[in-house]
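This report goes through selected local features of one protein chain.

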Amino acid sequence: KFFYGKQSVLIFQTDFMKDSLINNLGYMPAKKCIVIPNCVDIENIESQIIASDLAYNNDVLTFVACGRFIELKQFDVLIKAYSKLVKTYQGATRLILIGEGPMKNKLIDLSEKLNVSDKIVFTGNIKNPSAYFSIADIGIISSTIEGFPNVILEMMISGTKNIVSTPCTPAIRELPNILISDHCSEEDILDLLVRSENNREDNSLLYKKYIEEFRSIKSFWNKVEEEI
């Protein structure tokens, strides 16, 4: 409560985040509260991809997820679901996990226990996650709750072919062609993986067009100027 109240304008990523702050504070935190979805630095992401030596492999079904290794991100649940997919999938596959966090050793141990350690790549913290997004068939958001997972926008502009997500925030439903589960359980995430594997639709051009039109820095700033 010490930080809000004297601002002229507060910008929120989503209506959910705006309502959450107002409800928790019990008062309007600024003279004007507006909602403008986050933008993406398209040029920076494209330069990361160009500078990378990673290449798409059509022979390997590649999943990717990115975030801090903490409980609410549910990477452990994702690994369990992925291990079940591996048992039935007829072909080569890999899961790339980008990030660091207190659960990392637990996740590595879990992948070994479930006999999928040879199919999971732990990259650690890296400066160019977009390079990995660009070679992914399926991007995954497995969190229980998010204000808004900005990584999904980075996946969309990077060239990820298909993206699946848990219902971690209402705002996720505003994005085009994102496959969303009903809940956040292991069974729900497995269902996402299976459905995305069966429906190998390439949404990369649609995703990129959406980001360029509605989530660029220019479009973000135009909306700010309109509001103020």
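## Two residues with positive phi

N115 sits in the loop that runs between α4 and β5 (120-124). The model is a predicted one. The phi angle of N115 is near 60 degrees, a positive value in a residue that is not glycine. With a relative accessible area of 63%, N115 is exposed.

Q74 also has a phi near 60 degrees, again positive and again in a residue other than glycine. The loop that holds Q74 lies between β3 (60-66) and α3. Is Q74 buried or exposed? Its relative accessible area is 11%, and Q74 is therefore buried, the limit being under 20%.

## Helices α3 and α4

Helix α3 covers residues 75-88 and helix α4 covers residues 104-113; the two pack with their axes 10 Å apart, at an angle of about 10 degrees. An angle under 35 degrees counts as roughly parallel, and α3 and α4 are therefore roughly parallel to each other.

On the α3 side, the contact is made by F75, D76, I79 and K80, which meet K106, L107, L110 and S111 of α4. By residue class, the contact of α3 with α4 holds 4 nonpolar, 1 polar and 3 charged residues.

## Nonpolar cores

The largest nonpolar core has 27 residues, and the members that touch the most other members are I152, L153, M156, L175 and I211. Elements that each supply at least two residues of this core are α2, β4 (92-98), α5 (129-133), α6 (151-158), β8 (178-180) and α8. Which element gives the largest share of this core? That is α6, with 6 residues.

Apart from neighbours within four places in sequence, L153 is in contact with N38, V40, F148, L175, I211 and R215. Two of these partners, L175 and I211, are also listed with L153 among the core members that touch the most others.

## Salt bridges

How many salt bridges does a search of the whole structure find? The search gives 6. In general terms, side chains of opposite charge can pair when their charged atoms come close.

One of the salt bridges joins E46 and K208, with the closest N and O atoms 3.8 Å apart. This pair links distant parts of the chain: E46 belongs to helix α2 (residues 42-51) and K208 to helix α8 (residues 204-214), 162 residues apart. E46 is partly exposed, at a relative accessible area of 30%, and K208 is likewise partly exposed, at 31%.

R195 and D191 form another salt bridge, with an N to O distance of 3.2 Å between their side chains. Both residues lie in helix α7 (residues 186-198), where they are 4 residues apart, about one turn of the helix. R195 counts as partly exposed at 37% relative accessibility, as does D191 at 36%. A further salt bridge is formed by the side chains of E100 and K104, at 3.0 Å from N to O. E100 has a relative accessibility of 27% and counts as partly exposed.

## A buried loop residue and an exposed strand residue

A136 is placed in the loop between α5 and β6 (138-141). At 0% relative accessibility, A136 counts as buried. Not counting residues up to four places away in sequence, A136 touches T62, V64, G159, T160 and K161.

K31 is located in strand β2 (residues 30-35). Its relative accessibility is 71%, and K31 therefore counts as exposed, the limit being over 50%. Beyond residues up to four places away in sequence, K31 touches Q7 and S8. From K31 to K18 the C-alpha distance is 13 Å, and the two are 13 residues apart in sequence.

Methods. Residues numbered from 1 in each chain as written. Predicted model: local features only at pLDDT ≥ 70, side-chain atom pairs only at ≥ 80, totals over all residues. Heavy atoms only, no water. Salt bridge = Lys/Arg side-chain N within 4 Å of Asp/Glu carboxyl O. Buried < 20%, exposed > 50% of the residue type's maximum accessible area, 1.4 Å probe, protein only. Core = buried A, V, L, I, M, F, W, Y, C linked by side-chain atoms within 4.5 Å. Contact = heavy atoms within 4.5 Å. Axes fitted to C-alpha atoms, helices over the stretch in contact; angles between N-to-C directions. Parallel < 35°, antiparallel > 145°, perpendicular 65-115°, else oblique. Nonpolar A, V, L, I, M, F, W, Y, C, P; charged D, E, K, R; others polar.
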